[in-house]
Each structure stands twice: as structure tokens, then as C-alpha cells.
Amino acid sequence: MLSRVADSVFWMARYMERTNGMLRILRTNYISSQDEVKDFNWHTLLHNYSDAGAEEMDAIGNHSVKVLEHPLLDKQNGASVINNITRARENGRAVQDHITKEVWQCLNDYYHLIRDKHIYNQVKSGDPVTALDALIQQGMLYHGTVDITMARGEGFNYLNAGKFLERAILSADMLNIKLTELGYNLQQPLELPALRYLLYSLSGYELYLKTHRGNLQADFVIQQIVYNEHFPHSVSYCLKQLFRYFERLEAESLPENYKQLEFLIGRAMNNVKYSIINTADGDGLKRFLEQTRRELFGIAAAFNQYYFGNS
Amino acid sequence: MEWQSLLAGYGTHPRVWDEMFGNDGIRPAYRNIVSAIEDLSAGEMSHKDELAKKLFMSQGITFTVYSSGEGIEKIFPFDIIPRILEAAEWKHIEEGIKQRLKALNIFLKDIYHQQFIIKDGIVPAKLIYSCPNFVRQMVNVNVPFDIYTHIAGIDLIRDHDGTYYVLEDNLRTPSGVSYMLENRSITYRIFPDLLPRSKVRSVKDYPDLLLKNLVGLASHRKSNPTVVLLTPGIYNSAYFEHSTLARLMGIELVEGSDLLVDNHKVYMKTTTGLKQVDVIYRRVDDDFIDPLVFRGDSMLGVPGIYGACRTGQVTIVNAMGNGVADDKAVYSFVPAMIRYYLNEEPILKNVPTYQLEFPENRKIVFESMDKMVIKKTNESGGYGMLIGSAATEKQMEEFKVAVEEDPRSYIAQPIISLSSAPCYINGVLQPRRVDLRPFALYGPEGIDIVPGGLTRVALKEGSLVVNSSQGGGSKDTWVLE
């Protein structure tokens, strides 16, 4: 496979995963901003998903519709969902001969959907949840289409490597956003609504209820997001899947390049696996999340250097 | 409103050949489509029109126009009523194009080698050496199987009596074939069962024929050659076509930056290292293909690729330097070429052409400018052109000055009215002018022409310009069994 093609496929998957993650967190945050959380503030989320300055963020920070429009539909915001979908489509367009026609059409439909004036009107003056649901549904259609139409070859492996790497970064980021909102102080009353919304954002609330019988505790929530190997959004699960798809690339890799990546992914997996999370130690938890994030970005950089020829 | 009333309002022009209506009413080729849709209401027709637009959009059959920093997705306008050719008409066209292409191909081989045609006084040397698309670097360069014009798009028009004329030969990187394929796939979505019932010949073999030829071009060097399609990239307006063809042929779609040349061999950069490339179907123009030989500022090509081609390590399709054969001034010598190389009379006629470098021709043309089309010899896409009947006095004066300054760069032709075909526009059936571009594939085993082509249509009322960049659209083109 051409290095450029591998690069584009990998990034297409990353942008699509990022889109899905952002839509879910925006949906959950919007609902929570309308629901029970008093003095809801979007600042931490905006900090992650916007390149606006502090002044601009302050201006929109407490206005839910405006704040939703910015990370969702604002083309001036480099990190917005609309820009992610556009980039995913541009990458898809550049590798149309390596993805199936169905996947390309699905991506293309996604692009037209988010530019549709109905979505804009729903966000601006209707029910933003309807718009977000439509977008999330199109994302699920994309994942299903990839799954049932793509051949299990090199392209599929790069797609999944990109997807799980991005998902691991997103899970670590979302956890960090919530914990930052709580000031990394988890010695608070037992039922933290913020944690429930975090689980909603990661599609993990139902699993949590089944595992812990409704007993919402910070350490259990964090355990699930970091370690639970049956939870498709946990950092551990994502790293394991990343390694699984990466291993399949061995036959199509130069041995020295493969070794470099194998080492980095293996190290990140072990660092997560053999860590201990202590909710009483907020600083330690913060350091752990920062280190995990650094390692994940290191893996992305290594793919770029050793597989995509962008040294 | 029903079809009958739509049909009743259809007004053909005198002295314009209409593809659907003859003196005796509807031509036989069109009877099937008329009977299929005569019971449809205007609402149903409009629904089909809408459906076609939606299908183009959702399948990403679009090109992006960038304005104020934002990309706007546009579809190449498509008219739902097909243009239909009888088997006998097609046979005539097919034979004519094959003959023409053979002669043009021999011309290219000759002009870049012994130049018998100049020595025998058939084509003036000055005409060739003053042609900006004559590539000196191709002189004495051998190409596999002596084939230069692997893919050709020959533009045909019809005069008021229905005679076919060749308007121009496109021998460099002709585009539009993906629309031939996609238009067909849209037609069977909007008119179920109509294609098999009308016994329309299929066009879907095109990618297979093209791939067979591309592989065949390197068969003397390798049993399983690597073939790639070189595109300028996703911002090129024909990118959709490049990616469609690459996918349909199952070959890599590469950009210039994916390739490198080492020791006169071309390689592509893959995740497992460098892989040698044997045949390149390039959709990058000559000027941009090798910055070491042609335009030094090109970022679209591959440095050293000309050398690789010259030493026979890679085959470039179409060959470099073909522009000399489809130059608009050289065009008028094609009938002479056919007689000279093949000893045959041309099957397809040329539009009479005046070379404006000769003062006597300039005099004739300037005296009847309102009946002439004046064209720049090295421009296409409907640019650099003056249609006398539609031009103002001022425009004519400006063109006169431009012609006098650089007469070699202009030719003139009498205005051919172009045939009209029915188009469904704004709920009304109206005649619009059309041309036809069949695509010919020249490979080691001969010339194949897929039965069909791209019918381009001038959607503006009264317009004779069918180019997509000038408000033109397209139609599905049926060839009947």
C-alpha cells in the first residue's frame, strides 16, 4: 500500500472516531446543561474542542446553543465537528480506490448531512438533540458500512489502528475533562452527576449499572474507563485492539519499523495495565492521564514516521 | 401536463438537425423512449430529474468549485433524456474514428522520427515546429508497440443535413469517460427496464479494455507489470474520474509525490518500501509531468520520469508530445494524413478550416466574420474562441487585432449549427445543441471503441458551446443493437 494511502486511511478513521466522540460528549453536555446540573459551564469542553481565545470562550461559555454551534458547525473553528467530517471526507476522497464505494458514499452523505440547513436550523433554533442524533446515527452507519463492506486487508488494519488509537485518546481526554471540572477532587458526595454524564458520553452507563448495581462511585467509574477490557471505550480495550490490528500489519511492514511501533504500543499497554489508581491522590491521577496521553501521541508520531514516510 | 403536450410544445429549428424529430416525425431510434414516458405526468418527469440530481450528489459525482475560501460541491448537469444512435450510424462513426486514429498515431511516430510527411511536402515543417505542443524531447524516443494515442476522445458534431463532422481530436488526456459510465448507471435507476427493452449496447467494458491495454503495454518486459494512474490530486476537477477509473481497474491511484525515479526506474513509496512501476496512465499534462525537463515549478509531476520513459523503463500513457497531433492548426491536415499514410479516403469529414497565418485566409475570414468561429489553436474547454454570430463588433475588432499579432495561433471555421436533442429543462421539453465524444482505446491488439460516449449539451438556449466550464451538461448516449 502507498504510504500516502495508509496515512489517509489512518487519518480518515481518526477523524471519524473523533467526530463520534465529540458528538456524544456534546449531546450529553447539552442535555446536562438543560437538565439538573446547576451553573453548567462549558469552558473545559471548549478548551479541548475549540481554538477560540479566552475572551471568545467567555462570551459564549454559558450560552448552550451558541456553545454547541461553535464546536459543531463553526467552520472557523479548526477543531469543530464539521471540519472533522470534511477532513475525513477529503482523506476518503484521496483513497477512494482503497475504500469501498459504499464507505465513500456514506462519508459523502455525512458531509452533505452536516451541511444541510435542517441540521443548522435544529441546532440554532430547534431541538439540538434531534440534530445530534441524526449525526450520531450517520456515524453508526459509517462504522457498520466499514465493517460489512471492507476487505480484511491492509487498509482495514490501518483503519482500525487509527480508530482505536483515537478512541483511547478520546477516552483519556474525556476523563481528564470531567476530572478537571471537578478539580481532581474526588472526595466529594457519592453521587456525582458529572460522572454519570461522563459514562453517558462514552456509552458506558448501562455497563456500569450492570456491573455495580447503581452504586456510582468515582473509583469504579475511573476503573471502567481505564481498565475494563469488556468496555469498548476503555483505554485498555482500545490499546489491546490497536495492538491486535497492528500485529496484522507485520507481513506488510519493514521489520525495523514494525519493531519500533511494537515496542511503543507494548509499553503503553503495560504502563496502563500495571498502574494503580488512587482516587485520593488527585495529582497522581492527573500525572497518570497525562503520561498515557503522551504515550498515545508518541504512537501516532511513530506511525507517521515509520509507516507514512513523514519524518 | 402529459408527454403529448410536452411534445407538442417542442419546437425544432429550421436548418438544424434534430436527433429525435425528422421530417416524418419521431425517428425510429427514439420511439421506445417516447412510448416509455408518454404517459408520465410532468410531476413524474420532474421527480426523475430530481432523483438523478440526488444520485449524483450522494454518490459524490461532483467537482468542487472554490470561492471565497469555501468549497462548493457542484454536479456536472445531467439531462435525463438519452441521446440515441442507430446501429448503422454507430458503425459509420466507429470505422471513421478507427481510421482517423490509426493515421494520427502513425503521424506521431513519423513526426518524432523520420518526418516523411514533411519531406514529402504534405504537412509544412513550419506548422510543426511552430506548434507549442511539439515536444522536441520526444524526437527519436521509441514508445512500446509504436502506440502514442492510447486513449482518445474524438469530438463529433452534426450539420443541418445530419452529416457527422470531426470537430477536434483529443489525444492528450481526454476526460469525461467516467460520466459516460455514471450517466448510464443513473439512467437505469430512473428508467427501470428501459435499457434492456430498447436493446442498448453496454458501456461497462471500458475499464476492463483499458486495463488489458495498459497491462499489455509492458508485457514485453514483465509478466505481471505494475500499472498506476497518476492524478494531479483531489483538487483537480476531474479527480472523480481518476479515482473511479483506478477503482474500476483495481490499480493504485498515485500522486506525483508518491513516485520517485532512481537509476531511470520509477518507484512508488509504499509501507513496505519502494515498488517499481511499469506503466503510468497519467492524467497530468505534459508541461507538468517532469519538472527537470518541462515546467520547473511543477509540483504535480515526478522529477526524472521523462528519462525513465526515454530509456524504456516505464511506459507513459498517453505518450508525451501528442499535443502536436491534436493542435487545431494541424487538424486541417488530418484528411491529408489519412490519404498519405493509409491510402484511404477519410470516412469522417473535417470541418473546413482556414489557417489564419496565410493572409488570403485572413482576408476571407475577416470579410465574413459573423459566419465564422475563430479559435486559438492551443486552447480548449471553450476558451479562446469567438463565435461570429454571437459576437459584438467590439469583440470582433479585438479578435482581429489578436489574430494579426499572432496569426499562427488562430484558425477559423464556418459555423456548424450542431444538431439538437430533446432536453427536459424546467418541466419543458426543449431542443438543445449537442456534440458527441466517443472514447477510443488503442492497445497492442488494436483499437476498441466502447459503443457510446459522452454527449455534451449546451444547456443555454441558443448556445453552441457544450463545454462543462461554459454551462454545458451531459446526457447518456445509447447505441442500439
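I count two strands as paired if DSSP finds at least two bridges between them. Helices (H or I, at least four residues) and strands (E, at least two) are DSSP runs, numbered from the N terminus.

**Entry 1: ground rules.** I am working on a predicted model, where local features need pLDDT of at least 70, side-chain atom pairs count only at pLDDT 80 or more, and totals for chains, interfaces and linings use all residues. Residues are numbered from 1 along each chain as its sequence is written, while chains are lettered from A and ligands numbered from 1 in the order in which they are written.

**Entry 2: strand E5 of chain B.** I started with E5(B), residues 78–85, and looked up its partner. 5 bridges join E5(B) to strand E25 (residues 472–479) of chain B, and the two run parallel. Within this pairing, B:Ile84 has B:Trp478 of E25(B) as its bridge partner. Is E5(B) buried or exposed? For burial I use C-beta atoms placed from the backbone: a residue is buried if 20 or more other C-beta atoms lie within 10 Å of its own, exposed if 12 or fewer, and partly exposed in between. By that count 8 of the 8 residues of E5(B) are buried, so the strand is largely enclosed by the rest of the structure.

**Entry 3: a sheet in chain B.** Next I traced an open sheet of 4 strands, with the order E16-E19-E17-E18 (chain B) and antiparallel pairing. Its edge strands are E16 (354–355) and E18 (385–387) of chain B, each of which pairs on one side only. I then checked E16(B) against strand E19 (residues 410–414) of chain B: 2 bridges join them, antiparallel. Here B:Tyr354 stands opposite B:Ala412 in E19(B).

Entry 4: I picked out B:Glu241, which lies in helix H10 (residues 239–249) of chain B. Why does B:Glu241 count as buried? Because B:Glu241 has 22 C-beta neighbours inside 10 Å. For contacts I ask that the C-beta atoms of two residues, placed from the backbone, lie within 7 Å. Leaving out residues up to four places away in sequence, B:Glu241 touches B:Ser175, B:Val177 and B:Ser178. I also took the C-alpha separation of B:Glu241 and B:Leu214, which is 17 Å for 27 residues along the chain.

B:Leu214 took me to helix H9 (residues 206–216) of chain B, where the buried residues are B:Tyr206, B:Pro207, B:Leu210, B:Asn213, B:Leu214 and B:Val215. Among the elements covering them are helix H7 (177–190), H10 and strand E8 (227–231) of chain B.

**Entry 5: chain A as a whole.** Chain A comes to 15 helices and 0 strands. With 311 residues, a compact globule would have a radius of gyration (over C-alpha atoms; the rule is 2.2 Å times the number of residues to the power 0.38) near 19 Å, and chain A agrees at 19 Å. Its C-alpha atoms fill a box of roughly 55 × 50 × 40 Å along the principal axes. Buried residues make up 45% of the 311 residues in chain A.

I looked at confidence too: pLDDT is the predictor's confidence in each residue, from 0 to 100. Chain A averages 89, and 95% of the residues score at least 70.

**Entry 6: domains of chain A.** Domain bounds come from an automatic or database domain assignment. Chain A is divided into domain 1 (1–150) and domain 2 (152–311), with C-alpha centres 20 Å apart. Their contact takes 25 residues from domain 1 of chain A and 27 residues from domain 2 of chain A. Which helix gives the largest share of the domain 1 side? H1(A) does, with 15 residues.

**Entry 7: where the chains meet.** Finally, I checked the interface: 19 residues of chain B are in contact with 20 residues of chain A. Helix H3 (42–58), H10, strand E9 (252–255) and strand E11 (265–270) of chain B each supply at least two residues of the chain B side. E9(B) gives the most, with 4 residues. I sorted that side by class, with Ala, Val, Leu, Ile, Met, Phe, Trp, Tyr, Cys and Pro as nonpolar, Asp, Glu, Lys and Arg as charged, and the others, Gly among them, as polar. The chain B side divides into 6 nonpolar, 8 polar and 5 charged residues.
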